[in-house]
Amino acid sequence: VTRDYYVKVTGDCGSVTSGAISITVNGNTTISNSELVNVVSCSGSDATMAVSATGVNLTYKWQKETPSGSGTFVDIVGAPTTSSITISGVVAGDAGLYRVVVSGDCGSSVNKQYRLTVLSAPTATIDLIGDGCLGAKLTLRANATGVPRDSQPALEYQWILNGVELTGSTNKDLVIDSLRLINSGNYQVKVTGKCGSVTSSASRI
């Protein structure tokens, strides 16, 4: 808020009013929401952290807790001096606690923290349970790691035989109750999660 001030001086020979002096009152440096923000990104994707701050002549310093859990924050080399930072192609080593220190002309510096979690792409292998004899029961079990998509309670599976998706075979286990010669072939499983899809190597039956 800016206001103009004058002084009027009156004497025996009349009055005179001074020129204006403008005084501006600036607000203290503040951050709109100082709560910790969780940022989740898949390995290889970009992670962006941003802050909304008010004040005068604001400056931004981005830092990362180093080493993890120490409570000590170190300036990120080459980090922008703006209100947001983007880490391109994140890897597991980028995970951790970050903060931005915001300073301005009025009030003390304030900071906001972010916790970056980096998720790995899914992996998939096949375990065979059974002896593979004609007429015997055989179970192909997907041994998978990864995080489900936001809309799904678990990882998604699709079994493949000789390069062709098997209709309705979308469980973790593919069960063949009685092996026949027609069941011979190369089996794979495609696993889909939050960070994409992966198809296992083939298991020969």
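1. Which residue in S11 is the bridge partner of Ala47? In strand S11 the partner is Ile87. The model is a predicted one, in which local features need pLDDT of at least 70, side-chain atom pairs count only at pLDDT 80 or more, and totals for chains, interfaces and linings use all residues. Residues are numbered from 1 along each chain as its sequence is written, and side-chain values use heavy atoms, with hydrogens and water left out.

2. Strands S7 and S11. Strands, like helices, are DSSP runs numbered from the N terminus (helices: H or I, at least four residues; strands: E, at least two). Strand S7 (residues 47–50) pairs with S11 in the antiparallel sense over four bridges; two strands pair if DSSP finds at least two bridges between them. In a regular strand the side chains alternate between the two faces of the sheet.

3. S12 and S13 run antiparallel and are joined by seven bridges; Val102 stands opposite Val110 in S13.

4. The aromatic pair. How many aromatic pairs does a search of the whole structure find? The search finds one. The rings of Trp62 and Tyr114 have their centres 5.7 Å apart and their planes at 40°, so the pair is tilted. By definition, rings of Phe, Tyr and Trp (its six-membered ring) pair if their centres lie within 6.5 Å; planes under 30 degrees apart count as stacked, over 60 as edge-to-face and the rest as tilted. Trp62 belongs to strand S9 (residues 59–65) and Tyr114 to strand S13 (residues 110–119), so the pair ties together parts that are 52 residues apart in sequence. Trp62 is buried, at a relative accessible area of 2%, and Tyr114 is buried at 2% relative accessibility.

5. Backbone features to check. Most residues other than glycine have a negative phi, and most peptide bonds are trans. Asn57 has a positive phi of about 50° although it is not a glycine; Asn57 is found in the loop between strand S8 (53–54) and S9 and is exposed, at 56% relative accessibility. Asn162 also has a positive phi of about 50°. Asn162 lies in the loop between strand S16 (156–161) and strand S17 (164–165), and at 48% it counts as partly exposed. The peptide bond from Thr66 to Pro67 is cis, with omega near -10°, and Pro67 is found in the loop between S9 and S10.

6. Gly104 and Asn57. Gly104 is placed in the loop between strand S12 (96–103) and S13. Gly104 is partly exposed, with a relative accessible area of 23%. Gly104 and Asn57 are 47 residues apart in sequence, and 5.4 Å apart in space, C-alpha to C-alpha.

7. The three-stranded sheet. Three strands form an open sheet in the order S14-S15-S18, with antiparallel pairing. Its edge strands, S14 (123–129) and S18 (173–176), each pair on one side only. The twist averages 15° from one strand to the next. Strand S15 (residues 138–145) pairs with S18 over four bridges, and the bridge partner of Arg141 in S18 is Asp173.

8. The largest pocket. The largest pocket has a volume of about 150 Å³. Of the 13 residues that line it, the closest to its centre are Gly132, Cys133, Leu179, Ser184 and Ile205. A pocket is an open set of points on a 1 Å grid over the protein atoms alone, where a 1.4 Å probe fits, with protein on both sides within 12 Å along at least five of seven lines; lining residues have an atom within 4 Å of a point. Leu179 lies in the loop between S18 and strand S19 (186–193) and is buried, at 6% relative accessibility.

Terms used
Grid points are joined across faces, edges and corners, and a volume is the space filled by probe spheres set on the points. Buried means under 20% relative accessible area, exposed over 50%, partly exposed in between (1.4 Å probe, protein chains only). Axes are lines fitted to C-alpha atoms, for helices over the stretch in contact, and angles run from 0 to 180 degrees between N-to-C directions.
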